[in-house]
Amino acid sequence: MSEEPDYILDASGLYCPEPVMLLHNQIRDMAVAETVQVMATDPSTQRDIPRFCTFLGHDLLRQNSSHGKFIYLLRKCGDA
């Protein structure tokens, strides 16, 4: 990822629903347009984090996976 995120959230080792709950708390404390990188090991985040972004209107800028690690870059939009 070329751009440095404003925040990093390491949810490695946590399982649904914990990664999304932590992400929700992080997003709530961020300013609009700030970014957060989420690192997770739970495969369900591949479904849950994109849905979280769609439901709350945030931008999922990037997602990738490698060797059981899932990495997401999100930008906070609006006031959610």
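Trainee: Which elements are included in what covers the buried residues of α1?
Mentor: Helices (DSSP runs of H or I, at least four residues) and strands (runs of E, at least two) are numbered from the N terminus. Contact means heavy atoms within 4.5 Å, and buried means under 20% relative accessible area, exposed over 50% and partly exposed in between, with a 1.4 Å probe and protein chains only. The cover over the buried residues of α1 includes one helix, α2 (45-56), and the strands β1, β2 and β4.

Trainee: What pLDDT do local features need in this predicted model?
Mentor: Residues are numbered from 1 along each chain as its sequence is written, and side-chain values use heavy atoms, with hydrogens and water left out. The model is predicted: totals for chains, interfaces and linings use all residues, side-chain atom pairs count only at pLDDT 80 or more, and local features need a pLDDT of at least 70.

Trainee: Within what arc do the buried residues of α1 fall?
Mentor: The buried residues of this helix are Pro19, Val20, Leu23, Gln26 and Ile27. They line one face of α1, because down its axis their directions, taken from the axis to the C-beta atoms, fall within an arc of 120°.

Trainee: At roughly what angle do the axes of α1 and α2 cross?
Mentor: Pro19, Val20, Leu23, His24 and Ile27 of α1 meet Thr45, Asp48, Ile49, Phe52 and Leu56 of α2. Axes are lines fitted to C-alpha atoms, for helices over the stretch in contact, and angles run from 0 to 180 degrees between N-to-C directions. The two axes come within 10 Å of each other and cross at roughly 35°.

Trainee: In what order do the strands form the sheet?
Mentor: Two strands pair if DSSP finds at least two bridges between them. β1 and β3 (59-66) each have a single partner strand, so they stand at the edges and one side of each lacks a neighbour in the sheet. Neighbouring strands are turned by 15° against each other on average, direction ignored. The sheet is open, with mixed pairing, and its four strands follow the order β1-β2-β4-β3.

Trainee: Which residue of β2 is the bridge partner of Asp10?
Mentor: β1 (residues 7-11) and β2 run parallel and are joined by five bridges. At one of these places, Asp10 has as its partner in β2 the residue Met39.

Trainee: How many bridges pair β3 with β4?
Mentor: The two strands form a hairpin with two residues between them, and His67 in the turn has a positive phi of about 55°. Within the pair, Gln63 stands opposite Tyr72 of β4. The pairing of β3 and β4 is antiparallel, and its bridges number seven.

Trainee: At about what angle does α2 run to β4?
Mentor: α1 lies across β1, β2 and β4, at about 160° to β1. α2 lies across β2, β3 and β4, and to β4 the angle is about 5°.

Trainee: Which residue of β4 is the bridge partner of Thr35?
Mentor: Thr35 is in strand β2, where five of the six residues are buried. With 2% relative accessibility, Thr35 counts as buried. β2 and β4 (residues 69-75) pair in the antiparallel sense over six bridges, and the partner of Thr35 in β4 is Arg75.

Trainee: Does Leu14 count as buried, exposed or partly exposed?
Mentor: Leu14 is found in the loop between β1 and α1. Not counting residues up to four places away in sequence, Leu14 touches Pro19, Leu22, Thr41 and Asp42. Its relative accessibility is 23%, so Leu14 counts as partly exposed.

Trainee: What distance separates the C-alpha atoms of Leu14 and Met30?
Mentor: Along the chain, Leu14 and Met30 are 16 residues apart. Their C-alpha atoms are separated by 22 Å.
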